[in-house]
Amino acid sequence: MKVLFAASECVPFVKTGGLADVVGALPKRLRDLGVDVRVMLPMYSAIEPKWREKMEHVLFFYVNLGWRRQYVGVEKLVYDGITFYFIDNEQYFGRNYIYGYGADEGERFAYFCRAVLESLPLIDFVPDVIHCNDWQTGLIPPMLDIQYRKLEQYKDVKTVFTIHNLKYQGLFQIDDIEEMVSLGELAYTADSLEFYGMCSFIKGGIVFADHITTVSPTYAQEIQTAYYGERLDGLLRARADSLTGILNGIDTKSYDPATDPNLAENYTAANFKAHKLACKKELQSIFGLHDWPVPVLAMVTRLVGHKGVDLVRHVAQEVVNNGIQLVVLGSGESEYESFFSELAARNPGAVGVRIGFVPSLARKVYAGADMFLMPSKSEPCGLSQMVALRYGTIPIVRETGGLRDSIHDSGDGKGNGFTFRNYNAHEMLGTILRAKEGFEKQDGWRVLVKRAMECDCSWGASARQYVD
């Protein structure tokens, strides 16, 4: 089976979120199962020279985008046994950002979708399946069906469309998109690309793909309801027979406390006690916390509403007053950045905050904290809770999306974390205090940490589901 991943980001080349981790890890596991898998990405200026220097120029050609005739360069790099193709166009991708906010975003990714399809016969790789990811690749399935399907090279190509987060939909003026892609007026009816008077890229993927996946079984059910469905729940219910939720994994080779060079001391599930304590002491030092034997509760997150930081804001002082140290690493909306910065100023030695994101520091947080908080309002899959498990840091999560599928409450003596159901600040606080009680019983806590570290968060099982 030949599979081409089309995506807008991928580690280690360019990353803004969890999509990049998925596209970086899943193809390797599919390859291990015998799939001929390749990946196609935009050639952003943010891709570092160390990668560019290793690329091989394959070919170039031109595509029509309305009245525009645009250059398409194809660069190739084999990394970790996977062939990556990069679509090069300085006008669209030679910028100081990955994603913009409107303007010509529709044009940039309409171009990318067109370039992906036009390049297939030229790179001598016509896949059995094009695996499209999120709205940036949502025009590939309708373009394929409406404009390319009758051509010999494309007649048997199938499409899978993965929804990583339904909130981000790619909505643009119909006239602007049609002027560029020429799909015909029938493509913009209510049962096609039209969405409340706009052209929806994500709806194009949902309507036209042969199969739809999303990143956890629970999220696949949630998005068929009005609360989570972002006004697409009716369409998703109509396509329920072609919708599968497959829980993401993490790259367990990269996220490995036994070998991670960022840690003060490395450790495994068999010998974590003293070494994880050394990581905790380093974390307390970095964030200016007292060197006290109290639990450290950490968040590595975007500081935005749907991540549950508004719940944390309501009870953060009570958390600290109950003898819990708080570490926050992330950036986002200014009101939350200001709140956490002020909280740290009011509670020196008990609260440590870094506004921004530093990958190496995030690893230290995962290893050094005792507990990891993810109180999300919605979380399609979530990877941070799996990384926390891997490093023996016990997740405290709200039961939604992939958090519900991957974290199970330890109250039954078998779980790997602590969970709460309702989006309620004091229900979350009660769960945090319950975790603190567990921490204070150190013999039982070490059993829980060992159980967490032994959880299988790899891509193995999920990759087999994708092959199926």
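Tutor: This is a predicted model, in which local features need pLDDT of at least 70, side-chain atom pairs count only at pLDDT 80 or more, and totals for chains, interfaces and linings use all residues. Residues are numbered from 1 along each chain as its sequence is written, and side-chain values use heavy atoms, with hydrogens and water left out.

Student: Is Cys 113 buried or exposed?

Tutor: Buried means under 20% relative accessible area, exposed over 50%, and partly exposed in between (1.4 Å probe, protein chains only). Cys 113 has a relative accessible area of 0%, so Cys 113 is buried.

Student: How many disulfides are found in the whole structure?

Tutor: A disulfide is a pair of cysteine sulfur atoms within 2.5 Å. The sulfur of Cys 199 lies 10 Å from the closest cysteine sulfur, that of Cys 113, and is therefore too far for a bond. A search of the whole structure gives a count of zero. For Cys 113, which is in no disulfide, the nearest cysteine sulfur belongs to Cys 132, at 7.3 Å.

Student: Why is strand β13 largely enclosed by the rest of the structure?

Tutor: Strands (E, at least two residues) and helices (H or I, at least four) are DSSP runs, numbered from the N terminus. Val 296, Ala 298 and Val 300 point one way from β13, Leu 297 and Met 299 the other way, and all are buried. Strand β13 (residues 296–300) is largely enclosed because the number of its five residues that are buried is five.

Student: Which residue of β14 is the bridge partner of Val 296?

Tutor: Two strands pair if DSSP finds at least two bridges between them. β13 pairs in the parallel sense with β14 (residues 325–330) over five bridges. In β14, the partner of Val 296 is Gln 325.
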